[in-house]
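User: I would like to learn how to read helix packing and salt bridges in a model. Please take me through one case.

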Amino acid sequence: MAEVIESPAVWCSGLRKRYRKRVAVDGVSFTARRGEVMGLLGPNGAGKTSVIKMLLGLVRPDAGEVMLLGRPATEPGSRARVGYLPELFRYQPWLTAAEVLDLHVRLAGAAVPAADRRECLGLVGLADRAGDRVGGFSKGMQQRLGLAVALVARPELVVLDEPTSALDPLGRADVRDLLLSLKARGVAVLLNSHLIGEVERVCDRVVILDHGRVVADGTLAELLGGQELRLRLDDVGEAAEKRLAAAGVVTREGDHFVVALAGERDVPELVADLVGLGVRVHAVEPGRVSLEERLLDILRGEHGSAAGVDQRAAQEDVARAAGRDRRSFEESAAGAAGGDRRSAEEGSA
C-alpha cells in the first residue's frame with residue numbers, strides 16, 4: 001500500500017500585497033509542517049502581520065496561493081481547525097471569561113464540552129477567574145484569555161501574533177510551556193514575536209522577513225550554524241595554532257581565541273591536545289551565535305545591499321542627468337555658434 005504523505009499545516013507561494021504605492025508583501029513563500037513551531041521574525045513594517053492576515057483570509061492577496069491543513073485558503077472550511085490570536089483584540093467588557101469562551105465556541109460552530117472549556121481556561125491560568133467580567137482584567141489577563149479563545153476548539157494549527165507582548169516573565173514562561181505541549185500533541189504553531197529569546201527557545205524553524213520579502217528560512221541549526229569555542233590561552237606555538245585551525249576557523253585577539261567549530265565536537269580532546277603542546281589554558285567557554293545576532297547580521301546585510309542598489313541607481317540617475325545636460329549644452333553652444341557665424345556672414349555681405 002502506498003504511503004500517505006501528510007499535507008503541511010501551512011503552505012504559501014508567491015504572496016504579494018500592495019497598499020497604494022507601497023508593496024507590503026513581495027513574493028513570500030514558505031511551508032510549516034504539522035507538529036512544528038515556526039517563528040516569523042523581522043523588523044517593524046517587514047510584512048509579518050500582513051502575511052498572517054493573508055494566510056487567514058482576512059486580507060485578499062494581490063497574487064499568490066495559500067493552503068491550510070491541505071485545503072485552499074479560499075475555502076471557508078479550511079479555517080475550521082485553525083486557532084488565531086491577533087495582535088490587537090478587544091472582548092466585550094460586560095462578559096465573563098467563561099462567557100467569552102462560550103461565545104467563540106458558538107461562533108466557530110464547534111462542539112466543545114463545558115469541562116474542556118474549563119480546562120482551557122486552566123491551561124492559561126484563568127481557572128479561578130472564569131466568572132469574572134473581562135472589563136476588570138489586566139492587559140496580561142486579557143492576553144491569557146485571547147490564548148484560551150485561540151485554543152478552545154482544539155485546533156490543528158494555531159497562529160499567534162505577539163502572544164506574550166503584555167505578559168510578565170512568569171506568563172511568558174507559561175506560554176512557552178503551552179507551545180511545547182501543543183507541539184507534543186502534533187499541533188502546528190505559527191508564532192509572530194519580537195521577543196527573539198522566546199522564539200529561539202520554542203521554534204523549530206524560523207522565517208525572517210524584511211521589506212516584504214523572505215530573506216532567510218530554515219531550522220535554527222541551519223540559521224545559527226555550528227558552535228563556537230572561546231578560549232584564553234598562553235604560550236601558543238606554531239603546532240598549537242595548526243591544531244586550533246584544524247578544529248575550525250580561528251579568530252584571535254591577544255590571548256583570546258574564538259574557534260568556529262567545523263566538525264569538531266570533542267572539546268575535551270582539543271583542550272588535552274593543546275595542553276600536550278605546551279599551551280597554558282586559562283579559560284574554555286563553549287557557545288554559539290544567538291538568534292538575535294544572526295537576525296541582525298541578516299538584516300544589516302540586506303539593508304547594506306539595498307543601500308548599495310539605491311546608491312548605484314542614484315549615481316546612474318546623476319550620470320544620465322549629467323549626460324543630458326552636457327548634450328543640451330553642446331546643442332545650445334552649437335546653435336549659438338551657428339547663429340553668430342550666419343550673422344557675421346550677413347554683415348560682411
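User: How many residues does α4 have, and how far does it reach from its first C-alpha to its last?

Analyst: This is a predicted model, in which local features need pLDDT of at least 70 and side-chain atom pairs count only at pLDDT 80 or more, while totals for chains, interfaces and linings use all residues. Residues are numbered from 1 along each chain as its sequence is written, and side-chain values use heavy atoms, with hydrogens and water left out. Helices (H or I, at least four residues) and strands (E, at least two) are DSSP runs, numbered from the N terminus. The expected span of a helix is 1.5 Å times one less than its number of residues. With 13 residues, α4 reaches 19 Å, close to the 18 Å expected.

User: Is α4 buried or exposed?

Analyst: Buried means under 20% relative accessible area, exposed over 50%, and partly exposed in between (1.4 Å probe, protein chains only). Eleven of the 13 residues of α4 are buried, so this helix is largely enclosed by the rest of the structure. Among them are Met141, Leu145 and Val149. Their cover includes β6 (82-85), β7 (157-161), α2, α3 and α5.

User: At what angle do α4 and α5 pack?

Analyst: Axes are lines fitted to C-alpha atoms, for helices over the stretch in contact, and angles run from 0 to 180 degrees between N-to-C directions. Angles under 35 degrees count as roughly parallel, over 145 as roughly antiparallel, 65 to 115 as roughly perpendicular and the rest as oblique. Helix α4 (residues 139-151) packs against α5 (residues 169-184) at about 10 degrees, the axes being 12 Å apart. The two are therefore roughly parallel.

User: Which residues of α4 and α5 meet?

Analyst: Contact means heavy atoms within 4.5 Å. From α4 come Arg144, Leu147 and Leu151, which meet Gly171, Asp174, Val175, Leu178 and Leu182 of α5.

User: How many salt bridges does the structure hold?

Analyst: A salt bridge is a side-chain nitrogen of Lys or Arg within 4 Å of a carboxyl oxygen of Asp or Glu. The structure holds 18. One of them joins arginine 117 to aspartate 102 at 2.7 Å, N to O. Arginine 117 lies in α3 (residues 114-123) and aspartate 102 in α2 (residues 97-108), so the pair ties together parts 15 residues apart in sequence.

User: Where do lysine 242 and glutamate 238 lie?

Analyst: An α-helix has 3.6 residues a turn, so residues three or four places apart point the same way. Both lysine 242 and glutamate 238 lie in α8 (residues 238-247), four residues apart. Their salt bridge has its closest N and O atoms 3.7 Å apart, and both residues are exposed.
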